[in-house]
Amino acid sequence: MAFAGFAAALVLAGCGFRLRGLGETYQYPFQSIYIAGASAQVNALKRMLAAQKVVVTDKAEGADAVLAVLDDREESESSALSTSAQVREVELRRYFNFSLTDANGQVLIENAPISLRRFVSYNESQASAKSQEFEILFRDMRNDVVQQVLRRLAAAGKKPG
């Protein structure tokens, strides 16, 4: 069984397949950053930047870049009802919007909205399990947002063309 897993990994590695976000490091146009805001999303972003050897400061003064969180929220809403008005599907939404400036106040990223949506079937008799499923999906969406922000931060220092 272990050999089959190893063989599959070799085949996937040979064709150039690589899981996105695992062990991926980026080159950023800054050495230190201040992130204005406090949330689980911001904390995850700080951890990932620190893991990639970026100094995350507690003050904007002295930081090479400042990331301002403009919007950071999660929502859920019933998106489909049965004929008896029972919820059959729930839409989960994750919004994150930020801007990035350098130490001189020059805008590197003016407005970078990220919006994710997931649709999940729902059954009232499984409400407890669905609640746990929603939390897992929101956590995955937060991780996806972090990866998107990291890619955008790395691209901020690159000249187009």
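Modeller: A charge is said to sit over a ring if NZ of Lys or CZ of Arg is within 6 Å of the ring centre and within 35 degrees of the ring normal. What follows concerns a predicted model.

Colleague: Over the ring of which residue does the charged end of R73 sit?
Modeller: The cut-off for such a placement is 6 Å from the ring centre. The charged end of R73 lies 4.1 Å from the centre of the ring in question, which belongs to Y95.

Colleague: How many aromatic pairs are there in the whole structure, and is the pair of Y28 and F30 stacked or edge-to-face?
Modeller: A search of the whole structure gives three aromatic pairs. In the pair formed by Y28 and F30, the ring centres are 5.4 Å apart and the planes meet at 25 degrees. Planes under 30 degrees apart count as stacked, so the pair of Y28 and F30 is stacked.

Colleague: Are Y28 and F30 buried or exposed?
Modeller: The cut-off for a buried residue is a relative accessible area under 20%. Y28 has a relative accessible area of 11%, while F30 has a relative accessibility of 5%, so Y28 is buried and F30 likewise counts as buried.

Colleague: Which residue forms one aromatic cluster with Y28 and F30?
Modeller: Y28 and F30 are themselves a stacked pair. The aromatic cluster that holds Y28 and F30 also includes Y26.

Colleague: Where in the chain is E91, and is E91 buried or exposed?
Modeller: E91 belongs to strand 4, which covers residues 87-102. The relative accessible area of E91 is 8%, and because the cut-off for burial is under 20%, E91 is buried.

Colleague: Which side chains does the side chain of E91 join through polar contacts of 3.3 Å and 3.1 Å?
Modeller: The polar contact of 3.3 Å links the side chain of E91 to that of R93. The polar contact of 3.1 Å links the side chain of E91 to that of R117.

Colleague: How many helices and strands does the protein chain have, and in what order do the elements run?
Modeller: The secondary structure of the protein chain consists of three helices and five strands. Read from the N terminus, the order of these elements is α-β-α-β-β-β-β-α.

Colleague: Which elements of the protein chain have the lowest and the highest mean pLDDT?
Modeller: Over the protein chain, pLDDT averages 83, and 77% of the residues score at least 70. Among the elements, the lowest mean pLDDT, 52, belongs to helix 1 (residues 2-14), and the highest, 96, belongs to strand 2 (residues 55-57).

How values were computed. Residues are numbered from 1 along each chain as its sequence is written. This is a predicted model: local features need pLDDT of at least 70, side-chain atom pairs count only at pLDDT 80 or more; totals for chains, interfaces and linings use all residues. Side-chain values use heavy atoms; hydrogens and water are left out. Rings of Phe, Tyr and Trp (its six-membered ring) pair if their centres lie within 6.5 Å; planes under 30 degrees apart count as stacked, over 60 as edge-to-face and the rest as tilted. Buried means under 20% relative accessible area, exposed over 50%, partly exposed in between (1.4 Å probe, protein chains only). Helices (H or I, at least four residues) and strands (E, at least two) are DSSP runs, numbered from the N terminus. pLDDT is the predictor's confidence in each residue, from 0 to 100. A polar contact is a pair of N or O atoms within 3.5 Å; within protein, one must be able to donate a hydrogen and the other to accept it, and residues adjacent in sequence count only if both atoms are side-chain atoms.
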